[in-house]
Amino acid sequence: MTEINSTSKSGFHWPSPLRIWVIVAVIFAVCVIVAVFAYKAAWEKMLRLDCQSNLKQIGLLCREYAAEHGGRFPSTWVELNLVKDDANLARLFRCPSTHHEIGIWTQVDLWSDYRLLPGRTTNDPPETILALEPLGNHESAGANVLFVDGGTQWWSQSHLLGLAKELSTNNATE
């Protein structure tokens with residue numbers, strides 16, 4: 001039986017089996033890391049979309065409220081009066097990215113993950129913000145915004161901070 005020479009005539013050396021296993025392990029580890037980051041990004045996007053769905057449903061509730069109250073949106077969440085048959089709807093007021101319990105409805109304005117901006121009416125321009133969530137809900141990457149026409153959008157942190165700066169500048173000049 002002839003022994004395989006680890007050195008060919010061209011000077012190439014076959015790596016040892018241990019080196020091959022190390023290379024395979026490194027490649028596998030890189031693939032796992034990439035997969036974990038892709039999964040995390042997809043999961044966060046799913047949570048943002050679920051949150052956006054909550055806001056759209058809240059927008060429908062607010063529009064129903066406005067139709068019954070002369071076009072005026074509620075000033076507080078508790079005005080929606082979801083205590084009776086619709087108590088299960090309280091889950092809409094918790095962002096899926098947060099991990100706290102749903103409180104009692106009479107204190108919804110304290111535990112809700114969405115902030116209602118009072119004084120809005122159905123006569124306001126469609127791009128007027130009706131409600132939004134705090135930046136902390138989605139790892140400070142941004143926030144979902146609900147408009148008076150019932151539409152929602154994801155706004156990045158830089159967009160929200162730019163808007164806040166613009167509003168504070170406009171309020172200072174008035």
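Guide: R72 and E79 join their side chains in a salt bridge, 3.6 Å from N to O. A salt bridge here is a side-chain nitrogen of Lys or Arg within 4 Å of a carboxyl oxygen of Asp or Glu. Bear in mind that this is a predicted model, where local features need pLDDT of at least 70, side-chain atom pairs count only at pLDDT 80 or more, and totals for chains, interfaces and linings use all residues. Residues are numbered from 1 along each chain as its sequence is written, and side-chain values use heavy atoms, with hydrogens and water left out.

Visitor: How many salt bridges does the structure hold?
Guide: Two. In the E44 and K40 one, the N to O distance is 2.5 Å. Both residues lie in helix 1, four residues apart, about one turn of the helix. Helices (H or I, at least four residues) and strands (E, at least two) are DSSP runs, numbered from the N terminus.

Visitor: How far does helix 1 reach?
Guide: Its 52 residues reach 77 Å from first C-alpha to last, close to the 76 Å expected at 1.5 Å a residue. That expected span is 1.5 Å times one less than the number of residues. Just after helix 1, G70 takes a positive phi of about 65°.

Visitor: What do the buried residues of helix 1 pack against?
Guide: Strand 2, strand 3 and strand 4; contact means heavy atoms within 4.5 Å. Among those buried residues are L47, L55, I58 and Y65.

Visitor: OK, the sheet then. What order do the strands come in?
Guide: The order is 1-2-3-4, in an open sheet with antiparallel pairing; two strands pair if DSSP finds at least two bridges between them. Strand 1 (115-116) and strand 4 (152-156) are at the edges with a single partner strand each, so one side of each has no neighbour in the sheet. Strands 2 and 3 pair over three bridges, and I129 has F147 as its bridge partner in strand 3.

Key:
Buried means under 20% relative accessible area, exposed over 50%, partly exposed in between (1.4 Å probe, protein chains only).
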